[in-house]
Amino acid sequence: MKLKEALKSIYISFCSIATFQLLFISSSVFWSDNEISMDAGGLFSLVVIAFFSSLPILLFVHKETISRVELVLRKVAHFILTAAVVFSLLLYYEWLDTKNALFTVVFFLFLYIALYVYQTLRAKRLAAQINERLNAFHNEENETHSE
């Protein structure tokens, strides 16, 4: 991934994380009797968490082709770094209670795996479309040269 692609991914990830945080907080207030006061500091903390949890995408920036082993190591490092950033910020802002910590860890793991599977399937679908177009182009090219 080039730096330009990584910065685009960081921006998309930041916007998605901030949006889902707001939706999660809104839904938790709607479905429960809890009241959450979201002052400017609370909104700022949402933005901080979204920003810093998007930054580990920079681990995927490289100039040359990398091996499969290095890619797997980068993905593992990305998961560990993202989890460390998210959970340390949740602890810093005192949003993580010990009674719901296991649920939060499992939820984070589920979201990470679900998004990874979604990205992988999307990339495979895009590759299949590109290959289909290339094959059609080559077939047309071969037909015009054989005549």
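**Entry 1: terms and model**

The expected span of a helix is taken as 1.5 Å times one less than its number of residues, and I count helices (H or I, at least four residues) and strands (E, at least two) as DSSP runs, numbered from the N terminus. I note that this is a predicted model, in which local features need pLDDT of at least 70 and side-chain atom pairs count only at pLDDT 80 or more, while totals for chains, interfaces and linings use all residues. Residues are numbered from 1 along each chain as its sequence is written, and side-chain values use heavy atoms, with hydrogens and water left out.

**Entry 2: the chain as a whole**

I looked up the secondary structure and found four helices and zero strands in the chain, which reads as α-α-α-α along the sequence. For burial I used relative accessible area, where buried means under 20%, exposed over 50% and partly exposed in between (1.4 Å probe, protein chains only); buried residues make up 20% of the 147 residues. The accessible surface of the chain comes to about 11,800 Å², of which 67% belongs to carbon and sulfur atoms, with areas from the Shrake-Rupley method and a 1.4 Å probe, where for residues only the protein chains shown count as cover. I then turned to contacts, meaning heavy atoms within 4.5 Å: of those in the chain with a separation of 6 or more, 66% are between residues 24 or more positions apart.

**Entry 3: helix α3**

I took up α3, which has 25 residues and reaches 36 Å from its first C-alpha to its last, close to the 36 Å expected at 1.5 Å a residue. Its buried residues include Arg 74, His 78, Thr 82 and Phe 87. I looked for a salt bridge, defined as a side-chain nitrogen of Lys or Arg within 4 Å of a carboxyl oxygen of Asp or Glu, and the structure holds one. The side chains of Glu 70 and Arg 74 form this bridge at 2.8 Å, N to O, and both residues lie in α3, four residues apart, about one turn of the helix. Glu 70 is partly exposed at 31% relative accessible area, whereas Arg 74, at 18%, counts as buried.

**Entry 4: the largest nonpolar core**

A nonpolar core is a set of buried Ala, Val, Leu, Ile, Met, Phe, Trp, Tyr and Cys residues joined through side-chain atoms within 4.5 Å. The largest one has 10 residues in all, among them Val 48, Ile 49, Ala 83, Leu 96 and Phe 108. I found that α2 (40-54) and α3 are the elements that give two or more residues to this core, and that α3 gives the most, with six. In soluble globular proteins, nonpolar side chains tend to be buried together.

Leaving out residues up to four places away in sequence, Phe 108 touches Phe 79, Thr 82, Ala 83, Val 86 and Phe 87. With that same exclusion, Thr 104 touches Phe 87, Leu 90 and Leu 96. Thr 104 lies in helix α4 and is buried, with a relative accessible area of 17%; the C-alpha atoms of Thr 104 and Phe 87, 17 residues apart along the chain, are separated by 9.1 Å.

**Entry 5: the loops**

Which residue after α3 has a positive phi? I found that it is Glu 94, with phi near 60°, in the loop between α3 (68-92) and α4 (101-146). Most residues other than glycine have a negative phi. Glu 94 is exposed, with a relative accessible area of 67%.

I also checked Glu 64, which lies in the loop between α2 and α3 and is exposed at 64% relative accessible area. The C-alpha atoms of Glu 64 and Lys 2, 62 residues apart along the chain, are separated by 9.4 Å.

**Entry 6: a surface patch**

Patches are made of residues with over 30% relative accessible area and no salt bridge, like charges being joined within 9 Å and nonpolar side chains (Val, Leu, Ile, Met, Phe, Trp, Tyr) within 5 Å. I found a nonpolar one of about 440 Å², made by Leu 109, Ile 113, Tyr 116, Val 117 and Leu 121. Ile 113 is found in helix α4 and is partly exposed, with a relative accessible area of 45%.
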